[in-house]
Amino acid sequence: MSYVLAYALVSCREPPVSGPSAPSVPPVPSVPPVPSYGPYRQDCPWCGSRRLRVRVRGAGPRQGAPHRSQIERCADCRHVFRNPPLTPGPERSLVRAGVRLRHGLAARAMSRRCPEPESWLDVGTGDADFPLTARTHFPYTSFDGLDPTHRVLRARAVERVEEAFVGRLTDRHIAARLRGRYDVVSLFQYLERVPDPRAELRAALGALRPGGHLLVDVADPRRLFPVHPVGLNAELVAQGCTVLTGTRVHRVIARKDA
Ligand SMILES: [Zn+2]
């Protein structure tokens with residue numbers, strides 16, 4: 001209700017007068033539309049095996065659409081994933097509400113493990129919806145955002161993040177710049193959308209300082225059962241982390257050991 005009221009108040013205001021006395025507002029970059037699904041892939045994103053089995057057919061939200069997504073399972077490493085993968089973008093309102101709820105729960109879960117981080121990088125941040133929600137639990141934390149699209153520049157323009165990086169964690173120049181810099185790195189519904197999730201996971205750990213915390217949320221907001229790397233926890237342990245959450249959860253919190 002208050003949101004509607006605030007919107008009405010804003011829309012009734014006089015348009016800002018341009019001139020020397022008007023406050024300077026940074027230009028907000030426009031963003032082209034993103035397709036819902038990426039290309040179909042023949043190999044497992046986690047281990048590279050080509051022995052894929054369809055688990056649930058036609059599970060995409062757009063029944064009858066030309067590029068429906070299905071749930072597939074790797075016969076070698078048991079990784080379950082959506083194929084073709086979803087790409088980040090505007091979602092239906094019900095899905096958005098579910099994502100917002102998960103953002104709040106994830107931030108709260110992290111606040112119990114790491115109550116006062118100074119610096120936080122949200123990877124695949126898009127419009128920085130997650131930092132916006134997390135800020136209520138972490139008012140003194142500096143949030144930066146990284147995204148392959150220019151949406152993150154828009155997020156910086158409206159001050160949802162302090163620093164914005166366009167690209168991937170695995171890009172060499174980005175990895176070099178962010179190495180060992182953050183108290184928390186979050187990957188919110190990100191690993192399931194990238195071509196090489198293990199490489200991204202390692203790069204995320206590279207951006208953490210020793211003792212820093214990693215937050216990985218791999219819940220698919222469209223489905224009740226998880227679509228996530230079975231080998232996620234094992235990989236984190238192999239990379240020198242202590243996993244602080246259970247083995248079969250959608251949200252994994254791990255600490256990078258010194
Ligand atoms: Zn596999």
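Arginine 154 is partly exposed, with 27% relative accessible area. Here, buried means under 20% relative accessible area, exposed over 50%, and partly exposed in between, using a 1.4 Å probe and protein chains only. The model is predicted: local features need pLDDT of at least 70, side-chain atom pairs count only at pLDDT 80 or more, and totals for chains, interfaces and linings use all residues. Residues are numbered from 1 along each chain as its sequence is written, and side-chain values use heavy atoms, leaving out hydrogens and water.

Arginine 154 meets aspartate 127 in a salt bridge. A salt bridge is a side-chain nitrogen of Lys or Arg within 4 Å of a carboxyl oxygen of Asp or Glu. The structure holds 13 salt bridges.

| Aspartate 127 | Arginine 154 | 2.6 Å |

Aspartate 217 lies in strand β8 (residues 208–217) and arginine 102 in helix α2 (residues 93–113), so the pair ties together parts 115 residues apart in sequence. Helices (H or I, at least four residues) and strands (E, at least two) are DSSP runs, numbered from the N terminus. Aspartate 217 is buried, at 0% relative accessible area.

Glutamate 235 sits in helix α7 (residues 232–238) and arginine 198 in helix α6 (residues 197–206), 37 residues apart. Glutamate 235 is buried at 6% relative accessibility. Arginine 198 is partly exposed at 26%.

Aspartate 127 is buried at 18% relative accessibility.

Salt bridges also form a network that links Asp144, Glu163, Arg177 and Arg181.
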